[in-house]
Amino acid sequence: MSQIVTVPTQPFEGQAPGTSGLRKKVKVFQQPNYAENFIQSVFDVVSPEPGAVLVIGGDGRFHNRTVIQQAIRMAAANGYGKVLVGQGGILSTPAASNVIRKYKASGGLILSASHNPGGPDEDFGIKYNIANGGPAPEGVTGAVLDRTKEIDRWLTVEADDIDLDTPGDVTVGGMTVSVIDPVADYADLMEELFDFDAIRAAVQGGLTMRFDAMSAVTGPYATEILENRLGFAKGTVVNGTPLEDFGGHHPDPNLIHAKDLYDLMMGEGAPDLGAASDGDGDRNLIIGRGRFITPSDSLAMLAANIECAPAYKGRLTGIARSMPTSAAADRVAEALGVPCFETPTGWKFFGNLLDAGKVTICGEESAGTGSDHVREKDGLWAVLLWLNILAVRKISVDALAREHWARFGRNYYARHDYEGIEKTGADALMDGLKARLDTLPGKAFGALVVAVADSFSYTDPVDGSVSANQGIRVLFEGGSRVVFRLSGTGTQGATLRVYLENYTGPDGDLDAETGDMLAPQIAAAEAIAGIVQHTGRTAPDVIT
Ligand code: VG1
Ligand code: CO
């Protein structure tokens, strides 16, 4: 057994894990002791039982392999008995969640900055997931933050880097490291959940799609599942090789960064379904021929049709959505007679509800959808559920959307992001809003009259924990609203997110332009919050 080395170190200040773990520029992570301090703080907080199993994997971005090798040595020094690591250092976020659950690991380190760009001058991230496979809850992330402020040493063993590219077992400081196939377990799970025979038959019958892996982690997963197992033509998966810098793009599956896909789907000869996923494979973009589906609508439509998928037949217990996500899912829950939970932003808030069996499917407006099969949002899962539904119901995406709106009404929805703004201005905007909340009810902004204005606070129905200050909601009479929130995942300045929603009943105009339908809410948001004044911007950087 190699020797355990104690490296003296300084605490680092205020490295709060945000919405989804610790995210910083690669250059920050490359500072001596930086990644090590965070990883040691995690190990100190979770204090693994001797012999515990740890899963490690990432989205393949620049710096992935370096941190994996260090984390393996540190795990050996901290008493873990076994590390499961994806071959090539690869594990998508949902696949990592599955591996943690399947092999009863005590937790996992997922190395990713999700949809943020990668490369030497771009972003990196580390997230700790607990034994249920999901992101550590606030109790754990808060304790990790406290620990980073007082840490004075980290532990490692002296050992060489392992060969991450060859499957099989090696020993590091007395600990076993298994290099595992990152795709197989996940692909098998998908085959258990969905009607692959029905999808295969539909493909034989002419169903076509394009999946844009955005040079990120889902390439190998999508190729195995869509092309090899379901029989879609070779070339269905594009940008299918994970690259350290994602080919210089943002691996963010939205209409801006997946514009090629969008243009294809809106043009002549589009396939039946266009889909994409993000850097770490937990987000999804769904576009039918000539029809973009908002993530909020996708959650509602998937929930309404979930009976088509064998593993979900007769077992929908409830639906959960994050607060800024549109209320489209609420109407489906009501019609199906199941509860709908409204949680703060971030997948960690779904964990308790899923563990307790209170919900089966959940989603966020930020292109995240998932279910109780793992404890992360899952991009390919959403794509496969769409395929399953289309195959069984023999319907197009557009027809399904129209049918849905004709029954439930339509929640016109958009999110405006103001990125990299001054933190002081962003804080002033939010503080000003908070201070004026009491004065808003009854006030008119154009034709919109404020019914309720509050700062969203969530009490977890399972463990009673309270998460306050989760965004400002301004609800107007008649069911439309605007929501203001600061991002917890950015790495530069602050990002203001303004969420806009306007509900139209089944008898209203279901075929309008989203921009037109949201014009009154956009004007009201400016009048209420003073966005131009506080951010110095006259228009959002990104509209999704
Ligand atoms: C964003 C999204 C949120 C999502 C989070 C992590 O957080 O809004 O819905 O859960 O990213 O997603 P924020 O705090 O920047 O709004 V991922 O795919 O980056 O793990
Ligand atoms: Co992601």
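Predicted model: local features only at pLDDT ≥ 70, side-chain atom pairs only at ≥ 80, totals over all residues.

Student: Which residues of helix 7 are buried?
Tutor: Sort the helix by accessibility, then look down its axis. Helix 7 spans residues 196-204, and its buried residues are Phe196, Ala198, Ile199, Ala202 and Val203. They cover an arc of only 160° around the axis, so they sit on the same side of helix 7.

Student: Which exposed residues does the opposite face carry?
Tutor: Asp197 and Gln204 are exposed on the face turned away from the buried side of helix 7.

Student: Let us turn to the metal. Which residues coordinate the cobalt ion (ligand 2)?
Tutor: List the donor atoms first. Ser114 gives OG, while Asp278, Asp280 and Asp282 each give OD. The distances are 2.0 to 2.1 Å.

Student: What spacing do the donors of the cobalt ion follow along the chain?
Tutor: The pattern is S-x163-D-x1-D-x1-D.

Student: Are Asp278 and Asp280 buried or exposed?
Tutor: Asp278 is buried, and Asp280 is buried too.

Student: Now salt bridges. How many does a search of the whole structure find?
Tutor: The general idea is that side chains of opposite charge can pair when their charged atoms come close. The search of this structure finds 37 salt bridges.

Student: Where do the partners Lys127 and Glu376 lie?
Tutor: Their side chains meet in a salt bridge at 2.7 Å, N to O. The pair links distant parts of the chain, 249 residues apart. Lys127 is in strand 6 (residues 123-130), and Glu376 is in the loop between strand 18 (368-371) and helix 13. Check burial next. Lys127 has a relative accessible area of 8% and is buried. Glu376 is buried as well, at 1%.

Student: Which parts of the chain does the pair of Arg283 and Asp252 tie together?
Tutor: The side chains of Arg283 and Asp252 form a salt bridge at 4.0 Å, N to O. Arg283 lies in the loop between strand 12 (273-277) and strand 13 (284-288), and Asp252 lies in the loop between strand 11 (237-238) and helix 9 (259-266), so the pair ties together parts 31 residues apart in sequence. Arg283 is buried, with a relative accessible area of 12%. Asp252 also counts as buried, at 12%.

Student: Which residues are linked in a network of salt bridges?
Tutor: Arg321, Asp330, Glu342, Asp454 and Arg473 are linked in that way. Take one pair from it. Glu342 bridges to Arg321, with the closest N and O atoms 3.4 Å apart. Glu342 is in strand 16 (residues 340-343) and Arg321 in strand 15 (residues 319-322), 21 residues apart. Glu342 is partly exposed at 23% relative accessible area, whereas Arg321 counts as buried at 5%.

Student: Take Ala414. What is it in contact with, leaving aside neighbours within four places in sequence?
Tutor: Locate the residue first. Ala414 lies in strand 19 (residues 410-421). At 7% relative accessibility, Ala414 counts as buried. Beyond those neighbours, Ala414 contacts Val498, Tyr499, Leu500, Leu518, Ile543 and Thr544.

Student: Step back to the whole chain. How many helices and strands are there?
Tutor: The chain has 17 helices and 27 strands. Its radius of gyration is 23 Å, close to the 24 Å that the globule rule gives for 544 residues, so the chain is as compact as a globular protein of that length. The C-alpha atoms fill a box of roughly 70 × 60 × 40 Å along the principal axes.

Student: What share of the 544 residues is buried?
Tutor: Buried residues make up 59%. For contacts between residues at least 6 apart in sequence, 73% join residues at least 24 apart.

Student: Where does UniProt place its domain feature?
Tutor: The unreviewed UniProt entry places "domain: Alpha-D-phosphohexomutase alpha/beta/alpha" at residues 15-152, 185-287 and 296-408. Residues 185-287 are 37% helix and 15% strand, with end C-alpha atoms 27 Å apart. Residues 296-408 are 44% helix and 14% strand, with end C-alpha atoms 13 Å apart.

How values were computed: Residues numbered from 1 in each chain as written. Chains lettered and ligands numbered in written order. Heavy atoms only, no water. UniProt positions renumbered as here; feature names shortened; annotations may be inferred. Helix = DSSP H or I, 4+ residues; strand = E, 2+ residues; numbered from the N terminus. Buried < 20%, exposed > 50% of the residue type's maximum accessible area, 1.4 Å probe, protein only. Arc of directions from axis to C-beta. Donors = N, O, S within 2.8 Å, 3.2 Å for Na, K, Ca; no water. Rg over C-alpha atoms; globule rule 2.2 N^0.38 Å. Contact = heavy atoms within 4.5 Å.
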